[in-house]
Amino acid sequence: MKSSLCYSWRIALLIFWSARLLWAVEPGGSTAQNTSIFSPASTPAKSIADLSVFVLVVTGIIFLAVFALLLYSVVRFRGRAMDGGREPAQVYGSMQIELAWTIIPTLIVVVLFLATARVIHAIQDAPEPAGALDVIAIGHQFWWEFRYPKLGIVTANELHIPVSVSAHPTPTFLQLLSVDTDHSFWVPQLAGKTDLIPNHPNRMWMDPQRTGVFLGQCAQYCGTQHAKMLLRVSVDGPEDFASWVHAQQKLAVEDAAAIAGRRVFERNACMNCHVVAGTRADGRFGPDLTHLMSRATIAAGAAENTHKNLRLWIQDPSVIKPGSLMPAMKLSDADLDAVVSYMETLR
Amino acid sequence: MSSNAITIPGAQIEARPWVDELHLWLTTVDHKRLGILYILSALLFLLIGGVEALIIRIQLMHSHNNFVSPEVFNRMFTMHGTTMIFFVAMPVLFGFANYLAPLMIGARDMAFPRLNAFSFWLSFLGGLLLYFSFLGGSGLYGAGSAPDVGWWSYAPLGARAFSPGHSSDYWTLALLVSGFGSIGTAINIIATILCLRCPGMKINRMPLLVWMNLVMAGMVLLAITPLSAAQIMLLIDRYLGGHFFDTQAGGSAVLWMHFFWIFGHPEVYVLIIPCFAFMSEIIPVFSRKPIFGYPVMVAATVCIGFVSMSVWAHHMFTIGMNSYANSFFTLTTMAVGVPTGIKIFNWIGTMWGGRIQFKTPMLFSIGFLFQFLIAGLTGIMMAASPFDWQLSLSYFVVAHFHYVIVGGILFALFAAFYYWYPKMTGRMLSERLGKCHFWLFLIGFHLTFDVMHIPGVLGMPRRIYTYEPGRGWDTLNLIVTIGAFIQALAILVFLANLVISYFKGAQAGNDPWDAWTLEWSIGSPPPVYNFATVPTVASRRPLWDLKHPEDPDSHYE
């Protein structure tokens with residue numbers, strides 16, 4: 001029977017893909033590469049994952065019930081040769097049955113809604129505790145600016161926040177802004193996504209329960225290089241975070257050996273777009289470079305922060321990230337080497 | 001109903017020179033020819049939009065692929081979405097509505113035949129205008145480019161600061177022009193159904209297809225008009241110094257989202273309700289039973305029509321609405337599931353106790369039921385707004401709405417093609433090729449769109465032209481791409497079937513499926529002006545009454 005074949009095949013497929021889902025989640029289970037929404041590491045992500053499992057179970061039961069009904073009627077009421085062309089009994093409907101399959105789904109909707117509304121309220125209306133860290137995240141085409149107003153820190157693309165243990169909760173509250181188009185802040189393990197919209201400040205929070213690097217990326221299409229607007233959140237232990245803050249609050253290191261590179265940097269348009277705190281470079285258009293070497297990546301996570309990549313990036317950003325708004329500066333080889341050396345002193 | 005209405009053959013038309021034939025097609029105001037033109041233009045754009053989808057899928061086959069540049073990729077997904085919604089799905093559904101609604105209510109044409117032709121040509125030329133952007137898109141800036149700001153063109157990305165040149169103008173104007181066409185057709189469908197029903201065709205005796213297209217047309221009027229308004233506002237922003245959506249000058253990006261989605265969500269129902277209509281005609285005929293719960297089906301459709309007007313902001317759960325707004329749109333979105341569920345139950349109720357014939361139209365209908373069930377349930381998941389904060393803007397959403405549009409709408413459309421092609425051409429589509437088409441497409445569909453949910457859960461955002469290795473996304477994306485090519489192959493089988501059967505298919509006769517609605521009472525293809533004698537009906541299934549004079553429906557209604 002073709003149709004029963006069709007359905008057994010579909011069931012097999014379903015089982016296969018559920019297994020595949022688990023398998024795909026497993027290998028990344030503990031590494032930094034994991035971005036599954038079902039491996040939460042903070043309260044909002046955890047309550048979303050719990051609600052999601054509940055909704056999955058309810059919808060799964062509905063699926064099985066209706067699918068069984070469909071399968072049964074397709075198999076049981078298939079036309080047979082022995083029918084001899086006679087028409088079956090003509091049934092026009094039944095009010096009782098209609099009422100039943102109106103009321104039961106309505107009750108299910110009420111249950112799902114109440115469960116959902118609870119989580120919405122718990123996440124969105126959570127008050128900001130006294131010990132919370134405030135960070136302003138600003139979306140740019142195609143990178144992230146992070147400002148810590150109370151700590152006087154400005155950095156880019158790699159957000160550092162403290163781990164929040166239940167004894168001393170130190171959640172991070174983000175204010176989300178954008179200078180150009182819409183973006184969306186999404187680190188699946190830490191929280192659901194929230195958009196960064198110009199003229200429309202948003203807020204979100206997270207309280208990571210364990211240290212580590214959590215990956216995410218811009219989720220709202222923001223232009224040519226939306227794909228390489230990646231995001232890293234480093235969750236640090238209390239001491240690590242304190243020492244990171246201390247280091248970031250300093251002005252740029254003055255290194256006499258890199259003075260040639262600094263001259264190239266200040267003679268060209270570099271300083272119009274980038275800040276190097278303590279020098280004349282005070283542009284606001286691109287990422288703050290004061291502590292560039294404290295970051296693991298460049299170009300909003302598109303490349304590792306290595307000598308080779310830095311040189312490649314300054315020579316022609318479009319090789320790594322076509323559509324990036326940073327222009328190729330067409331520096332001579334000597335100038336290029338000098339400016340890369342200068343960058344490498346900015347710890 | 002008088003029996004002579006079903007025996008009068010189609011008027012014999014002598015062969016004309018091809019120039020005359022072409023002239024006839026270009027100047028026609030006949031609802032049947034216009035219906036076919038709508039369908040053919042949709043098939044043309046389906047091919048183009050399909051090729052764009054394949055380009056997207058090749059690029060995403062593995063991480064860090066360089067098949068196309070980010071600029072080209074962004075144009076491809078913008079054009080794919082715009083084409084499939086505005087120039088494939090809507091025209092093909094309008095085509096079927098145009099062709100079938102007058103026949104099913106015993107009318108000789110649409111209420112406004114010339115408006116009908118005008119609307120079709122507006123829509124079609126809107127599509128050509130959109131594709132002309134490949135030649136003229138960037139204006140003075142370069143050799144031409146298609147729009148690349150997404151089919152939703154979120155502000156301020158569509159503003160001149162971020163979209164210089166003319167590519168976004170082609171998008172705006174194409175949607176504006178075809179939008180006027182849609183509004184014209186919607187008015188026409190409503191007027192036809194309300195005013196041109198034959199004697200005895202009371203509003204509670206109309207076939208469900210007619211009922212549902214009436215609701216669809218009403219929704220088009222309510223949904224397309226805000227889109228057209230928003231397009232005009234965008235043009236004012238771009239050329240007349242307006243600041244509606246210009247965020248640099250204090251305009252509102254969120255306002256555009258509201259405009260777009262108050263169009264965009266009812267639009268989903270504009271597309272799916274005519275597919276419910278196909279199901280409500282095809283499933284009864286191949287189950288050999290009348291539709292289960294006709295009045296409830298009508299009520300559920302009207303209910304969906306109203307409730308779906310209040311769910312639009314579920315596309316905007318991530319934009320930072322307050323908790324009350326998020327709760328409200330969670331509730332309305334979940335509530336739409338109730339009347340939709342009622343429909344699925346009624347179709348199963350129709351099959352229950354029937355004698356189901358597994359002809360190709362019925363196979364596609366069963367596929368529709370199965371897939372639409374899943375699409376509805378993933379919709380419920382995303383209606384739970386916290387769940388949506390994770391799933392929104394990810395590949396899970398892409399999989400969900402393709403489950404609706406391909407697994408639901410396209411499967412229903414294939415069912416409709418196999419069911420009504422004999423009426424339109426006088427020839428049957430090949431069952432062999434049809435079954436081959438069905439199984440290939442089913443396998444390709446599930447390979448693509450079942451798997452596509454998973455990268456979304458694993459954190460893969462949509463609209464990215466490339467992605468990093470090592471996230472567990474590579475294998476999944478490769479499988480999705482393979483599935484897409486199997487679907488493409490199935491579409492080629494389908495097109496081959498359309499062409500081959502046109503010349504070599506078996507003669508259909510008036511009524512190949514032993515069906516019950518009025519279109520099957522006249523020749524295939526139906527003669528000009530359809531009915532030699534205007535029929536009179538006494539029940540919802542006039543041909544059943546005719547075939548079973550001992551036990552007519554009219555005794556029970």
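**Figure 1. Packing of helix 6 against helix 8 within chain B of the predicted model.** Helix 6 of chain B, residues 208–239, packs on helix 8 of chain B with the two axes 10 Å apart and an angle of about 10 degrees between them. Angles under 35 degrees count as roughly parallel, so helix 6 of chain B is roughly parallel to helix 8 of chain B. From helix 6 of chain B, the contact takes in Leu208(B), Trp211(B), Met212(B), Val215(B), Gly218(B) and Met219(B). Helix 8 of chain B contributes Tyr294(B), Met297(B), Val298(B), Thr301(B), Val302(B) and Gly305(B). The contact of these two helices of chain B has 9 nonpolar and 3 polar residues, and no charged ones.

**Figure 2. Packing of helix 2 of chain A against helix 10 of chain B.** Angles over 145 degrees count as roughly antiparallel, so helix 2 of chain A is roughly antiparallel to helix 10 of chain B. On the chain A helix, the contact is made by Val55(A), Leu56(A), Thr59(A), Ile62(A), Phe63(A), Val66(A), Phe67(A), Leu70(A) and Val74(A). On the chain B helix, the contributors are Ile366(B), Leu369(B), Phe370(B), Leu373(B), Ile374(B), Leu377(B), Ile380(B) and Met381(B). By class, this contact between helix 2 of chain A and helix 10 of chain B has 16 nonpolar residues, 1 polar residue and no charged residues.

**Figure 3. The side of chain B that touches chain A.** In the contact between the chains, 82 residues of chain B meet 81 residues of chain A. Several helices of chain B each supply at least two residues to this side, among them helix 3 (70–104), helix 7 (253–287), helix 10 (360–383) and helix 13 (431–457). The largest share, 16 residues, comes from helix 9 of chain B. The residues on this side of chain B divide into 47 nonpolar, 28 polar and 7 charged. For the complex, the predictor gives an ipTM of 0.92 and a pTM of 0.93.

**Figure 4. An open sheet of 3 strands in chain A.** The strands run in the order 4-10-9, and the pairing is mixed. Strand 4 (158–162) and strand 9 (212–217) of chain A stand at the edges with a single partner strand each, so one side of each has no neighbour in the sheet. Direction ignored, neighbouring strands of this sheet are turned by 25 degrees against each other on average. Strand 4 of chain A pairs in the parallel sense with strand 10 of chain A, residues 230–236, over 5 bridges. Glu158(A) stands opposite Arg232(A), a residue of strand 10 of chain A. Helix 4 of chain A, residues 238–249, packs on the sheet and touches strand 4 and strand 10 of chain A. The direction of helix 4 of chain A makes about 130 degrees with that of strand 4 of chain A.

**Figure 5. Residues 1–8 of chain B, where pLDDT stays under 50.** For this stretch of chain B the model has 20 contacts beyond four places in sequence. Where pLDDT is low, the predicted coordinates should not be read in detail. For chain B, the mean pLDDT is 94, and 96% of the residues reach 70 or more.

Notes:
Residues numbered from 1 in each chain as written. Chains lettered and ligands numbered in written order. Predicted model: local features only at pLDDT ≥ 70, side-chain atom pairs only at ≥ 80, totals over all residues. Contact = placed C-beta atoms within 7 Å. Helix = DSSP H or I, 4+ residues; strand = E, 2+ residues; numbered from the N terminus. Nonpolar A, V, L, I, M, F, W, Y, C, P; charged D, E, K, R; others polar. pLDDT = per-residue confidence, 0-100. Axes fitted to C-alpha atoms, helices over the stretch in contact; angles between N-to-C directions. Parallel < 35°, antiparallel > 145°, perpendicular 65-115°, else oblique. Pairing = 2+ DSSP bridges.
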